[in-house]
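Here is a short report on one structure, element by element. Please look it over with the chain in view.

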Amino acid sequence: MANWSLLGYAGPEPPERVAAARQAEGRTEHIFQMINSSITADTSLDFDAVVIGSGCGGAVAAAELACAGHRVLVLEKGKYFSLSEMSGVEGEALDQLYERGGIVSTEDTGLAVLAGGTFGGSAVNWACCLRTPDYVRQEWATEHGLKRFATDEFGDALDAICKRINVTSTGISHNRNNELFIDGCQKAGYEVEDAPQNMADASPGASGAGFICAGDRYEIKQSMTVTFLRDAAAARVPAQFADRCKVSEVIHSKGVASGVRATLIGSDGQPHQLTVRARVVVVACGSINSPALLLRSRLPNKNGLIGRIFDCTRCHSSLPGCLLALRTWCLGRVRR
Ligand SMILES: Cc1cc2nc3c(=O)[nH]c(=O)nc-3n(C[C@H](O)[C@H](O)[C@H](O)COP(=O)(O)OP(=O)(O)OC[C@H]3O[C@@H](n4cnc5c(N)ncnc54)[C@H](O)[C@@H]3O)c2cc1C
């Protein structure tokens, strides 16, 4: 904060101005109710489906299942923050909304991963929405036997998601960094296209557009708390939600899942054991925690690949014989 004035940054807008901007755009906050408020002792519950993780994967699964009439419980280890609980200050946002305060790396710091750790998952981030390219879908189908990704059904699913989260590439404005980058690319002869975004408003000067990764207080991004988690909550049989609820294990017999064990912070502020029995168990904890949960639960791992492929933000390596001792690759995919 000490540097804000030097940078010419006025700081996050005060809550009243943010609320007024939301109101002017007709955006109404949905306050999610958490079952934590009714739990003060170790508890067992029965549902049709339990969804672990409230991010992009978990939210879509929860909405689909709840809208199909199933009794759904979503368990999220991070905390749910209502809009008034977010300050918009970057340091606080990293602490509150990101996995381990935004600093997850291997012990040697060679691999860094940035992931959300809050209700709504990593969708607290940027808004670039690229469809899975056809050549990748083909590769998954032909080289890895995942034939469904090459079908029209998967294409239709992408269409449905893009429609619900309002993906568009028209009318997108760019900040100064992007303008310079675009200019450089064009001068170098590269073709430039706008990346589609899932924003309610991507026009110049849209309130809050530059701050979504520090908690979207303006609800300008069509992220999970604005779309699929809301759909799940509004279903005829509304989905239930728990935050600060870390699933430690998937209960299964010979690989057939029948529920989960978790630790949840109850209304007394104390940790309680939660056991959920369910016919359907959806593991949607993101690329770091899903493999960890599957391995902890000793679920079958026929090809031995669980936990061996990571997405990462950055990868550092020392290359012998290079002039630079340290090389950095951004947005790499690493396979051990
Ligand atoms: C800063 C940043 C910017 C990004 N920008 C973009 C972008 O512009 N475009 C794009 O397409 N993608 C982007 N991504 C990637 C995108 O957000 C992820 O690919 C996507 O959110 C993954 O969805 P998911 O459901 O698998 O996991 P997540 O959205 O990460 O959700 C997993 C959730 O599970 C919870 N969880 C984990 N373990 C447990 C447990 N044991 N018990 C209970 N809950 C648990 C976590 O707290 C988390 O909330 C970005 C990611 C980050 C971090």
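This is a predicted model: local features need pLDDT of at least 70, side-chain atom pairs count only at pLDDT 80 or more; totals for chains, interfaces and linings use all residues.

Lys 254 is exposed, with 5 other C-beta atoms within 10 Å. Residues are numbered from 1 along each chain as its sequence is written.

Lys 254 sits in the loop between β6 and β7 (256-265). Helices (H or I, at least four residues) and strands (E, at least two) are DSSP runs, numbered from the N terminus. Lys 254 has a positive phi of about 50° although it is not a glycine. Most residues other than glycine have a negative phi. The two strands form a hairpin with two residues between them. β6 and β7 pair in the antiparallel sense over eight bridges; pairing requires that DSSP finds at least two bridges between the strands. Within this pair, Ile 251 stands opposite Gly 259 in β7.

## The six-stranded sheet

In what order do the strands of the open sheet run? The order is β5-β2-β1-β8-β7-β6, and the pairing is mixed. β5 (240-242) and β6 (245-253) are the edge strands, each with a single partner strand, so one side of each has no neighbour in the sheet. Neighbouring strands are turned by 40° against each other on average, direction ignored. Axes here are lines fitted to C-alpha atoms, for helices over the stretch in contact, and angles run from 0 to 180 degrees between N-to-C directions.

Helix α9 (residues 286-296) packs on the sheet. The helix touches β1 (43-52), β6 and β8 (271-283), and its direction makes about 45° with that of β6. Contact means that C-beta atoms, placed from the backbone, lie within 7 Å.

## Strand β2 and its partners

Strand β2 (residues 72-75) pairs with β5 in the parallel sense over three bridges. Leu 73 stands opposite Gln 240 in β5. β2 also pairs with β1, again in the parallel sense, over four bridges. There, Ile 52 stands opposite Leu 75 in β2.

In a regular strand the side chains alternate between the two faces of the sheet. Val 72 and Val 74 point one way from β2, Leu 73 and Leu 75 the other way, and all are buried.

## The loop between β5 and β6

Asp 243 is in the loop between β5 and β6. Asp 243 is buried, with 21 other C-beta atoms within 10 Å. Asp 243 and Leu 75 are 168 residues apart in sequence, yet 6.2 Å apart in space, C-alpha to C-alpha. Not counting residues up to four places away in sequence, Asp 243 touches Met 34, Asn 36, Glu 76, Gly 78, Lys 79, Tyr 80 and Phe 119.

Arg 244 counts as partly exposed, with 19 C-beta neighbours inside 10 Å. Arg 244 has a positive phi of about 45° although it is not a glycine.

## Around the ligand

Which residues come nearest to the ligand? They are Gly 53, Gly 55, Gly 121, Asn 125 and Gly 286, out of 32 residues around it. A residue is near if its C-beta atom, placed from the backbone, lies within 6 Å. The elements giving two or more residues to this shell are α3 (56-67), β6 and α9.

The shell divides into 15 nonpolar, 14 polar and three charged residues. Ala, Val, Leu, Ile, Met, Phe, Trp, Tyr, Cys and Pro count as nonpolar, Asp, Glu, Lys and Arg as charged, and the others, Gly among them, as polar.

Helix α5 (residues 134-144) lies largely in the open, because one of its eleven residues is buried. Just after α5, Gly 145 takes a positive phi of about 75°.

Pro 291 is in helix α9. Pro 291 counts as partly exposed, with 19 C-beta neighbours inside 10 Å. Leaving aside neighbours within four places in sequence, Pro 291 is in contact with Ile 306 and Gly 307.

Definitions and conventions: Two residues are in contact if their C-beta atoms, placed from the backbone, lie within 7 Å. A residue is buried if 20 or more other C-beta atoms lie within 10 Å of its own, exposed if 12 or fewer, and partly exposed in between; C-beta atoms are placed from the backbone.
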